[in-house]
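User: I am new to reading structures, and I would like to go through one slowly. Could you take me through some features, with the general idea and then the case here?

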Amino acid sequence: MQTRDIHELEDFCKKIRRHIVEMITEAKSGHPGGSLSAVETLAVLYREVMRHDAKNPQWAERDRFILGKGHACPVLYAVMAECGYTPVDQLKTLRKMGSIYQGHPDRRFIPALEASTGSLGQGLSVAIGMGLAARMDGNPSRTFVMLGDGEIQEGQIWEAAMFAAFHKLDNIVAIVDYNKIQLDGFVKDIMDLEPLGDKWRSFGWHVVDFDGHDLQAVRNAFAEAAATKGKPTVLLANTIKGKGVSFMENNPKFHGMAPTKEECDKALKELA
Amino acid sequence: MAAKTKYELKMGSATREAFGKTLVQLGKENKDVVVCDADLSKSTMVHWFAQEFPERFFTCGIAEANMVAIGAGLASSGKIPFVASFSAFVMTKGFEQLRVTVAYPNVNVKVVGTHSGISIGEDGPSQMSIEDLSLATALPGFTVLSPADEVSMAAFVRLAAAHNGPVFLRAGRAKVPVVYGPDQQFAIGKGIELLDGSDVTLMAHGLMVAESIRAAEILEAEGISARVVDMPTIKPLDNEIVAKAARETGAIVVGEEHLVDGGLGVKVAQAVALSHPCIMEFVGVTTYAESGTPEGLLQKYGMTAANMAAAARRAVARKK
């Protein structure tokens with residue numbers, strides 16, 4: 001793991017947030033809330049944790065990332081672009097016909113994506129398949145998958161959770177972007193997940209519960225996952241939906257609604 | 001070339017058994033072949049592979065959706081996963097995963113559905129897969145295979161593994177007659193003329209191929225010359241052999257152990273409409289069946305040589 005100046009990482013996160021707001025404003029549709037909540041985890045993952053090479057995206061021993069909550073793709077696109085995978089200057093083509101930045105992650109347009117997602121609940125299973133293949137081959141590759149909190153209401157997540165613990169897959173890491181809001185409202189009102197840590201623990205996972213916007217806490221969580229052997233680890237990243245933009249924070253309206261031009265300007269001022 | 005001699009149809013093994021045995025051979029030849037199972041290994045007959053290669057066999061418990069998506073992950077990392085279960089379960093409980101995680105990104109997963117059709121017998125309709133071909137052919141990029149006997153199944157297991165892209169391979173529970181000799185060549189996308197004929201073509205897949213051969217013999221005694229074509233590939237369809245049959249015999253009867261609302265019949269009708277419109281009749285399942293012996297069910301629900309012959313007579317009569 002590289003050690004970076006935490007202020008540089010903070011600046012990186014701000015830049016990613018500006019991309020997210022601008023991309024979605026330009027697209028006039030998309031999911032800002034769940035993109036903004038996942039910025040710190042993805043920033044630390046791509047800048048410090050994963051072994052990857054944008055110039056060699058098919059490197060067999062690379063670590064892999066799957067965005068289970070595919071609707072949050074603006075954050076992934078922005079991070080991958082800033083890491084050199086795809087053009088930064090095309091980010092504002094998000095959701096436009098012919099753009100590589102499709103409405104949900106699509107491998108046909110960006111081959112460096114590890115999976116096409118958008119139907120919730122499938123990413124953890126795909127990560128497991130990759131983890132099994134790596135273990136068979138003695139490949140040091142690790143696979144990370146980010147799940148939405150609403151997403152883990154899907155039954156397949158718990159089929160996969162059972163499988164990963166039973167097969168002692170310690171080369172996969174699940175990250176729950178626990179921002180407490182889903183499309184129709186607050187998770188606790190739609191289908192409460194609590195006690196969430198206990199649920200994962202009872203399924204045989206190592207659980208790390210932390211502040212998903214505290215960069216040092218995020219670093220520590222990934223380090224704890226790397227050190228955990230013999231069982232899979234889930235990182236419960238407690239986050240704020242819409243983080244970084246005052247009027248989007250904790251506001252269910254911005255799960256799946258684009259800001260207006262005026263709201264965008266206001267947001268960019270806050271993120272300057 | 002179509003065979004001139006009469007068929008001696010001797011009873012062989014079930015296609016699921018040929019699948020299970022060939023999989024072991026394939027495992028010996030290719031270390032990338034892996035198998036995912038949902039607690040039916042003794043029925044799908046992947047248990048032989050599990051015994052031989054435990055490190056390449058993944059039991060998923062009774063969780064088909066998870067199993068299909070795990071297969072996608074294995075394939076994305078270079079493995080050739082055979083994901084096997086009863087067709088009724090893997091195609092329905094795993095369908096959304098097959099759509100978004102396998103078909104849409106074109107991932108190299110081999111889905112094997114055993115216990116297809118109503119000839120599974122006593123277990124009844126909840127276990128009988130009569131919609132699987134409708135579902136599989138609905139997925140863009142999928143190759144859909146339904147071999148007729150143990151010889152063709154052995155060949156198609158290998159062809160499926162060698163093919164780069166998603167495949168659905170359909171297998172049956174019941175023992176079926178051996179249609180092919182050991183030297184027969186097979187290819188994905190190619191139908192095979194088993195008997196030549198000029199009045200009508202009997203086109204089938206799975207166990208209806210042997211029934212079609214028997215039907216041709218019944219019809220021959222009545223002075224009706226029936227061509228018999230095995231269509232082990234439902235998708236991509238062999239459009240040439242269909243157009244040739246339409247052009248040369250003027251009538252096609254499609255027989256399949258599947259709902260007539262989907263499957264081979266509608267694919268052939270579409271091909272005929274685009275090439276050489278001709279008289280068509282359809283023999284297959286029209287509703288959910290019941291418990292019974294395989295033979296009794298095929299008789300009651302109309303999937304025997306006699307049903308194929310009756311449909312052929314109707315088709316020939318409609319030509320006039």
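Analyst: We will look at peptide bonds, then at backbone angles, and then at the place where the chains meet. Please keep in mind throughout that this is a predicted model.

User: Which residues are joined by a cis peptide bond in chain A, and where is the proline found?

Analyst: The angle to read for a peptide bond is omega, and in chain A the bond that joins Glu194(A) and Pro195(A) is cis, with omega at about 0 degrees. Pro195(A) is found in the loop between helix 7 (187-191) and helix 8 (196-202) of chain A.

User: What joins Lys235(B) and Pro236(B) in chain B?

Analyst: Lys235(B) and Pro236(B) are joined by a cis peptide bond, and omega is about 0 degrees. Pro236(B) sits in a loop of chain B, with strand 12 (233-235) on one side and helix 10 (239-249) on the other.

User: Is Met45(B) buried or exposed?

Analyst: The cut-off for buried is under 20%, and Met45(B) is buried because its relative accessible area is 13%. Met45(B) has a positive phi of about 70 degrees, although it is not a glycine, and its place is the loop between helix 2 (41-44) and helix 3 (47-52) of chain B.

User: How many residues of each chain are in contact, and how much area is buried between chain B and chain A?

Analyst: An interface can be read by its residues and by its area: 25 residues of chain B are in contact with 22 residues of chain A, and the area buried between the chains is about 2000 Å², of which carbon and sulfur atoms give 60%.

User: Which side chains meet in a salt bridge?

Analyst: The rule finds 1 salt bridge across this interface, where the side chains of Asp137(A) and Lys79(B) meet at 2.6 Å, N to O. There are also 11 residue pairs in polar contact across the interface, both residues at pLDDT 80 or more. On the side of chain B that touches chain A, strand 3 (57-59), helix 4 (64-76) and helix 6 (95-103) each supply at least two residues, and helix 4 of chain B gives the largest share, 8 residues. The residues of that side divide into 12 nonpolar, 7 polar and 6 charged.

Key. Residues numbered from 1 in each chain as written. Chains lettered and ligands numbered in written order. Heavy atoms only, no water. Helix = DSSP H or I, 4+ residues; strand = E, 2+ residues; numbered from the N terminus. Buried < 20%, exposed > 50% of the residue type's maximum accessible area, 1.4 Å probe, protein only. Contact = heavy atoms within 4.5 Å. Buried area = accessible area lost by both parts, 1.4 Å probe. Salt bridge = Lys/Arg side-chain N within 4 Å of Asp/Glu carboxyl O. Polar contact = N/O pair within 3.5 Å; in protein donor to acceptor, adjacent residues only side chain to side chain. Nonpolar A, V, L, I, M, F, W, Y, C, P; charged D, E, K, R; others polar.
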